[in-house]
Amino acid sequence: MTEQYGLSLGKLLELTLAGREPAEKIQVTSSGIRLQWLSEGALLVKPANGTDAGIDLLLSAGIHGNETAPIEMLDRLLKRIARGEIKPRVRILFLLGNPEAMRRNVRFVEQDMNRLFNGKHVLTSGFEAQRADQLERLVAHFFSEPDRARLHYDLHTAIRGSAIERFALYPWSEGREHSQAEMARLEAAGIDAVLLQSKPGITFSAYSYAAHQAEAFTLELGKARPFGQNAGVDVSQLESRLKAIIEQCEPELPQTLERLKVFHVSREIIKQSEAFRLHLADDVANFSPLPEGYLLAEDGSQKWIVTETDARIIFPNPNVRPGLRAGILIVPTKALDNS
Ligand SMILES: O=C(O)CCC(=O)N[C@@H](CCC(=O)O)C(=O)O
Ligand SMILES: [Zn+2]
């Protein structure tokens with residue numbers, strides 16, 4: 001196939017959705033960029049000889065199969081690489097997390113894959129557990145080269161609408177500080193808020209962060225919609241920033257955070273049993289403020305009453321399995337200008 005139409009490995013998404021393996025697993029563009037199919041939904045891109053800037057960039061989407069806007073964005077970036085329009089100077093691993101859930105347009109098939117990392121998949125079995133294991137191995141291999149900068153953006157969209165549309169969750173690990181420079185980069189990528197975690201996590205970004213010392217983020221980019229219906233999800237600023245990182249032509253980042261809103265987790269609401277009741281309407285958006293004294297949830301004799309000043313709720317979801325997070329109570333870390 002000519003480069004005008006792009007190398008056929010640029011069709012990672014089409015191949016993955018069709019459940020097809022490419023006949024040719026390695027292809028090289030005319031400028032020496034190497035594309036390698038690793039397994040279903042996994043493609044490695046290497047810069048041409050002598051152009052590698054020493055950065056390993058992991059771009060993942062589709063960990064939840066019905067969160068399609070970021071999958072479409074990665075598809076656009078990869079196709080531009082395969083056409084020779086974008087010339088990477090960083091190694092990139094493209095991962096489409098849960099192909100079967102993507103084909104069915106569902107969040108997951110058997111269980112939420114974004115609760116199966118950092119060792120959790122070995123405690124269970126089934127389709128998503130095997131895939132989480134495979135993704136961890138792919139990432140471990142990708143991040144095994146020494147003395148390189150490691151960056152992971154795990155891209156999502158949310159079940160509910162959000163008062164703050166684009167936001168990041170920044171994992172936590174003992175002894176590490178959240179990087180101001182990375183937060184400035186998020187701001188430059190059109191992310192409006194960041195939520196700092198304060199305990200170890202079991203999500204995909206928490207795995208890269210803790211197990212491979214990558215700078216890693218879950219990015220929430222709008223509301224989840226089916227393929228082809230994402231005109232209302234604006235990822236343009238992030239897409240331009242990723243292109244700039246890939247080509248190593250990023251405009252200089254500001255030294256201080258200007259408009260990024262910073263929150264930290266006050267408490268996670270963990271559903272204990274099927275008696276769990278959440279006292280929030282389905283249309284309450286992420287980041288909605290909750291008044292002090294508000295009875296947020298009950299589970300048998302356990303009650304979650306808001307005691308925090310200026311608390312907000314994100315990801316309220318009473319339909320998770322017992323033992324899993326049914327919402328996060330967050331509070332602002334610094335004075336908020338526009339809230
Ligand atoms: O909208 C929701 O309720 C969930 C959206 C979503 O999938 N969010 C991620 C966040 C991952 C993290 O905490 O870093 C998730 O719940 O897996
Ligand atoms: Zn998600």
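The model is predicted: local features need pLDDT of at least 70, side-chain atom pairs count only at pLDDT 80 or more, and totals for chains, interfaces and linings use all residues. Residues are numbered from 1 along each chain as its sequence is written.

The protein chain holds seven helices and 16 strands; helices (H or I, at least four residues) and strands (E, at least two) are DSSP runs, numbered from the N terminus. Its C-alpha trace spans about 65 × 45 × 40 Å along the principal axes. Because a compact globule of 339 residues would have a radius of gyration near 20 Å, the 20 Å of the protein chain agrees; the radius is taken over C-alpha atoms, and the globule rule is 2.2 Å times the number of residues to the power 0.38. Buried residues (under 20% relative accessible area, 1.4 Å probe, protein chains only) make up 54% of the chain.

In the unreviewed UniProt entry, the annotation "domain: Succinylglutamate desuccinylase/Aspartoacylase catalytic" covers residues 54–244; such annotations may be inferred rather than shown by experiment. The span is 34% helix and 21% strand, and its end C-alpha atoms lie 15 Å apart.

The axes of H5 and H7, lines fitted to C-alpha atoms over the stretch in contact, come within 9 Å and cross at roughly 125°.

Note on methods:
Chains are lettered from A and ligands numbered from 1 in the order in which they are written. Side-chain values use heavy atoms; hydrogens and water are left out. Axes are lines fitted to C-alpha atoms, for helices over the stretch in contact, and angles run from 0 to 180 degrees between N-to-C directions. Buried means under 20% relative accessible area, exposed over 50%, partly exposed in between (1.4 Å probe, protein chains only).
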